[in-house]
Amino acid sequence: MEHPQVIDPHDPLVERVRAICLGYPEAVEKESFGRPTFRAGKKVFIWVSASMDRPFSIVFKPDGDERLAHLEDERYFVPPYWGPAGWLAIDFDHPDTDWTELAELVDTSYRQVALKRQLSALDTRDSQPLV
């Protein structure tokens with residue numbers, strides 16, 4: 001049985017997240033549990049939609065040293081399912097969403113799961129996060 005779609009994958013905000021994520025070496029998009037996911041090879045680095053009641057959010061894997069600092073900020077939350085594994089989430093549908101910060105979160109998450117060759121390809125290009 002197919003999982004119901006949690007969010008419209010063609011929504012302009014999702015398209016903006018997609019543009020950031022697919023700019024990474026060997027990044028691919030695959031739907032999983034009715035959500036767009038972005039993967040470095042087989043490993044997910046971004047899930048769109050933390051839950052049915054927060055569809056305009058990304059779930060990301062933070063750097064271990066930054067996780068507690070993120071949790072001090074009320075914009076971040078521990079998502080169901082992924083939270084126990086250390087993942088965090090943040091909404092991106094607010095008018096004041098900082099897309100540079102979001103791109104930095106994507107970058108950090110990608111770096112947590114990418115293969116050495118993917119990181120090497122990433123580090124040989126411009127070091128600015130994709131916005």
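Is Ser 51 buried or exposed? Ser 51 is buried, at a relative accessible area of 11%, where buried means under 20%, exposed over 50% and partly exposed in between, using a 1.4 Å probe and protein chains only. Keep in mind that this is a predicted model: local features need pLDDT of at least 70, side-chain atom pairs count only at pLDDT 80 or more, and totals for chains, interfaces and linings use all residues. Residues are numbered from 1 along each chain as its sequence is written, and side-chain values use heavy atoms, with hydrogens and water left out.

**The sheet**

- Six strands make up an open sheet, ordered β1-β2-β3-β4-β6-β5 with antiparallel pairing; helices (H or I, at least four residues) and strands (E, at least two) are DSSP runs, numbered from the N terminus.
- At the edges sit β1 (27-32) and β5 (76-77), each pairing on one side only; for two strands to pair, DSSP has to find at least two bridges between them.
- β2 and β3 are antiparallel partners over four bridges, and they form a hairpin with two residues between them.
- Gly 41, in the turn of that hairpin, has a positive phi of about 70°.
- β3 (residues 43-48) also pairs with β4 (residues 57-60), again antiparallel, over three bridges.
- β4 and β6 run antiparallel too, joined by four bridges.

- Start at Thr 37, whose bridge partner in β3 is Trp 47.
- Trp 47 in turn stands opposite Val 59 in β4, and the bridge partner of Val 59 in β6 is Ala 89.
- Ile 46 has its own bridge partner in β4, namely Phe 60.
- β3 is largely enclosed by the rest of the structure, because five of its six residues are buried.
- On β4, Ser 57 and Val 59 point one way while Ile 58 and Phe 60 point the other way, and all of them are buried.

**Helix α1**

- α1 spans residues 12-21, and its buried residues are Val 14, Val 17, Arg 18, Ile 20 and Cys 21.
- Those residues end up on the same side of α1 because they cover an arc of only 160° around the axis, the arc being that of the directions from the helix axis to the C-beta atoms.
- Turn to the face pointing away from that buried side and you'll find the exposed residues Pro 12 and Ala 19.
- The cover over the buried residues of α1 includes β1, β2 (35-40), β3, β4 and α3 (99-113).

- Asp 91 is found in β6 (residues 88-91) and counts as buried, at 14% relative accessibility.
- The side chain of Asp 91 has a polar contact with the side chain of Arg 54, at 2.7 Å.
- Neighbours within four places in sequence aside, Asp 91 is in contact with Arg 54, Phe 56, Ser 57, Arg 75, Phe 77 and Thr 97.

Conventions. Contact means heavy atoms within 4.5 Å. A polar contact is a pair of N or O atoms within 3.5 Å; within protein, one must be able to donate a hydrogen and the other to accept it, and residues adjacent in sequence count only if both atoms are side-chain atoms.
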